[in-house]
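I opened the notebook to record what I looked up in this structure. The entries follow the order in which I took the topics.

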Amino acid sequence: MNATLVFFLIILCSTSISICLADNDNLQDACPTNTTVTPMVFINGFPCKNPSSISSADFTTSNLKHAGDTDNFLHSSVNIVTAADFPGLNTLGLSIARTDLDLDGTVMPHSHPRASELFFVRKGIVLAGFIDTNNTLFESLINEGDVFLFPRGLLHFCVNAGYEPAIAFSVMNSQNPGVVSIGGAVFETDKLLIDKIIRRLISVRGTNMANFSKIHLQ
């Protein structure tokens with residue numbers, strides 16, 4: 001086979017792989033989602049509004065203004081807003097989220113296969129962490145105003161480590177980050193990681209966290 005042709009095919013394949021692994025770049029200033037039509041052709045993203053009908057409202061959302069419902073087993077709520085709900089995000093490779101954690105509230109280990117996440121604590125004290133592919137735990141106690149980074153595709157979690165409800169906001173670098181939830185039974189298989197998290201919480205709270213371990217990590 002001609003050497004030039006082989007080189008061209010290699011470049012083409014590598015470029016195609018790069019395109020598939022990331023959100024497409026926008027080709028115009030803005031492309032708010034057209035929420036009034038049912039797509040007849042399925043594309044990587046959402047159809048755009050007619051430029052003449054774009055308004056400031058497309059770039060404003062109140063979806064993260066109110067606290068989520070934490071009256072549940074895990075005492076937590078996560079609300080992810082994507083381009084499907086916030087038209088202005090379409091083609092920009094971004095999504096946003098709000099996390100509410102009641103006392104002892106927990107967001108169980110999960111991952112976002114298409115996005116890294118910047119986790120900003122607005123109120124309270126949160127223990128946040130992730131587990132890499134070597135099964136190493138990276139965790140940090142973050143206070144109001146602090147930011148923690150969850151790398152793309154890695155299991156991560158957060159726990160309210162304070163004495164009052166906590167609020168956090170996130171930005172993810174995909175307009176559709178996806179969520180892969182991991183059941184507590186799977187997470188429980190590594191007792192060392194659980195014990196490390198519990199010891200960390202005990203050192204912060206200075207209280208007996210046996211009930212927390214029984215309820216949230218079994």
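**Entry 1: a bridge partner.** I began with F120, whose bridge partner in β7 is V147. Strand β4 (residues 117-123) and β7 run antiparallel, and four bridges join them. I noted that two strands count as paired if DSSP finds at least two bridges between them. Strands here are DSSP runs of E with at least two residues, helices are runs of H or I with at least four residues, and both are numbered from the N terminus.

**Entry 2: ground rules.** The model is predicted, so I kept in mind that local features need pLDDT of at least 70 and side-chain atom pairs count only at pLDDT 80 or more, while totals for chains, interfaces and linings use all residues. Residues are numbered from 1 along each chain as its sequence is written, and side-chain values use heavy atoms, with hydrogens and water left out.

**Entry 3: the faces of β7.** I looked at which way the side chains of β7 (residues 147-150) point, and they alternate. Buried means under 20% relative accessible area, exposed means over 50%, and partly exposed lies in between (1.4 Å probe, protein chains only).

**Entry 4: the whole chain.** I found four helices and ten strands in the protein chain. Their pattern along the sequence is α-β-β-β-β-β-β-β-β-β-β-α-α-α. The chain has 218 residues, and 37% of them are buried. Of the contacts (heavy atoms within 4.5 Å) with a separation of 6 or more, 73% are between residues 24 or more positions apart.

**Entry 5: an open sheet.** I traced five strands in the order β6-β5-β8-β3-β10, with antiparallel pairing. β6 (137-142) and β10 (180-181) are at the edges and have a single partner strand each, so one side of each has no neighbour in the sheet. For β10, I looked up the link to β3: two bridges join these antiparallel strands, and H110 stands opposite S181.

**Entry 6: H156.** This residue is in strand β8. Is H156 buried or exposed? I recorded H156 as buried because its relative accessible area is 2%. Its side chain makes polar contacts (N or O atoms within 3.5 Å, one able to donate a hydrogen and the other to accept it; residues adjacent in sequence count only if both atoms are side-chain atoms). One, of 3.2 Å, is with the side chain of E117, and another, of 3.5 Å, is with the side chain of H112. H156 and E117 are 39 residues apart in sequence, and their C-alpha atoms are 9.9 Å apart. Leaving aside neighbours within four places in sequence, the contacts of H156 include M108, H110, G129 and F150.

**Entry 7: D100.** I placed D100 in strand β2. D100 counts as buried because its relative accessibility is 5%. A polar atom of the D100 side chain lies 2.9 Å from the backbone nitrogen of G68. G68 is also listed among the contacts of D100 outside four places in sequence, as are A67, T70, H75 and I167.
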